[in-house]
Amino acid sequence: MSDWTDAIVGDRMAVDRKFSEQVNASQFSNQQWGLIMTATEFDIEHADDPERARIVADTERLPGIIPELDNIANQMNAAAGGGADGGRSSGNPIGGFVDELKSLLSGGGSGPDREKLEAAERLTQEYADELQRHLEENGTWEQVRIAYQE
């Protein structure tokens, strides 16, 4: 099924350029978005039905990269002079440890990480919708849908 994605590389590049406004308006930096897209695959749901077929974002691997999104944000913050950890390392190292311990005890899957994951899932599906719209407007959607089935 990778042949269909190889066939739309140029379309993806065009959508990437158009979609940059949505990325800039999101909570993610361009570096974070690049990582999110690397962890996202695209499938065509109901490919055998021309009326219901649609591109969907497969975000199964996103939870694994959420910590790296935080690392990217921390590196960017540190490079801008803001400190990577909100000042905990220099002024209060215990605070950072307590925060991490709280996160572990609460299951680590709630709060900001869950919100970040949901935001990434929404944005990747918006991208998938935009990609399909682009293919439809260019008259290539039907070819792509059929190629996916082969």
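Let's start in the middle: the largest nonpolar core takes in 31 residues, and Trp33, Ile36, Phe42, Ile44 and Ile55 have the most contacts inside it. H7 gives the most, with 8 residues. Keep in mind that this is a predicted model.

Now zoom in on Trp33. Setting aside neighbours within four places in sequence, Trp33 is in contact with Phe19, Val23, Phe28, Leu123, Thr124 and Tyr127. Some of those names come back when you look at the rings: Phe19, Trp33, Phe42 and Tyr127 make up one aromatic cluster.

Follow Phe19 back to its helix, H2. Phe19 is where H2 bends, by about 45 degrees. End to end, the 17 residues of H2 reach 24 Å from first C-alpha to last, close to the 24 Å expected at 1.5 Å a residue. Phe19 and Val23 are buried in H2, along with Asp11, Ala14 and Val15.

Back to the rings, then. The structure holds 5 aromatic pairs. One of them joins Trp4 and Tyr148: the ring centres sit 5.5 Å apart with the planes at 80 degrees, so this pair counts as edge-to-face. Trp4 belongs to helix H1 (residues 2-6) and Tyr148 to helix H8, so the pair ties together parts 144 residues apart in sequence. Both Trp4 and Tyr148 are buried.

Terms used: Residues numbered from 1 in each chain as written. Predicted model: local features only at pLDDT ≥ 70, side-chain atom pairs only at ≥ 80, totals over all residues. Heavy atoms only, no water. Core = buried A, V, L, I, M, F, W, Y, C linked by side-chain atoms within 4.5 Å. Buried < 20%, exposed > 50% of the residue type's maximum accessible area, 1.4 Å probe, protein only. Helix = DSSP H or I, 4+ residues; strand = E, 2+ residues; numbered from the N terminus. Contact = heavy atoms within 4.5 Å. Phe/Tyr/Trp six-rings, centres within 6.5 Å; stacked < 30°, edge-to-face > 60°. Expected span 1.5 Å × (residues − 1). Bend = angle between axes of the 7 residues up to and from the residue.
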